[in-house]
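Here are a few notes to read alongside the model. Take them one at a time and find each spot as you go.

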Amino acid sequence: MDWARFAQQLASMARDLLAQESVDATLARITASATELVEGCDAAGILVLRGKEVRTLAPTNQLVVDSDRLQERLGEGPCFDVAQAENDERVFRIRDFTRPQPRWPAYAPAAHRLGVGSMMGFLLYTEDEELGALNVYSHRPGAFTEVGELAGWLLASHAAVAFSSARTQTQLEQAVATRHVIGEAMGILMGGHQLTEEQAFGVLRRYSQENNVKLREVARRVCEEGPLS
């Protein structure tokens, strides 16, 4: 490993991550960087696990999606272990899928049939009951060494910061947009029904609760279709 070159590439990636305009773009840059910077990596993706529900984000190859679906269907796999670990395990490395893997007796042979030879994963974040992990795959058994694991961990550490920043920015933008559309809907109700600001908000909130519809969606309907019937 040429660590000087790796450091330059990592610095360039970090700048690129912070320059992305959306969460999706940030995630795509993270997974693309994994295939560029982690020696032996043929595919990468971000798995989000909430309870037993799995979502795959920014996969670079169909293999990533298939592996994630497999873990979800079987209810076992390295990402489930990371989510449930009590020792704050943040990295895993499966060296050789051609050999028995007692921890995942169903997942490992099925993943090998998909074309997985070796695999590593790095925890990006945990939030409430949700987990996000960067997973990297190789078709070749024994592709990932301790050096590769260190490179992946360094990449994932930068990625976690950028991912968190992008998510926070998106959440702020959504909050501002929600506040704006609710205010607009309240204005429509106040003008159409001679309501006070408090009364107009109460109408939106009651409709939201009684119909199990998010407040923002109720407000959007009022803005597009007029006062609630």
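1. Start with R93: a polar atom of its side chain lies 3.2 Å from the backbone oxygen of F144. The R93 side chain also makes a polar contact with the side chain of E149, at 2.6 Å (a polar contact is a pair of N or O atoms within 3.5 Å; within protein, one must be able to donate a hydrogen and the other to accept it, and residues adjacent in sequence count only if both atoms are side-chain atoms).

2. Before going on, note that this is a predicted model, where local features need pLDDT of at least 70, side-chain atom pairs count only at pLDDT 80 or more, and totals for chains, interfaces and linings use all residues. Residues are numbered from 1 along each chain as its sequence is written, and side-chain values use heavy atoms, with hydrogens and water left out.

3. R93 sits in strand β3 (residues 91-94) (strands are DSSP runs of E, at least two residues, and helices are runs of H or I, at least four, numbered from the N terminus). Is R93 buried or exposed? It counts as buried, because its relative accessibility is 16% (buried means under 20% relative accessible area, exposed over 50%, partly exposed in between, with a 1.4 Å probe and protein chains only).

4. Now look at A159 in helix α6 (residues 146-193). A159 is buried too, with a relative accessible area of 0%. Leaving aside neighbours within four places in sequence, A159 is in contact with L17, I30 and L124 (contact means heavy atoms within 4.5 Å).
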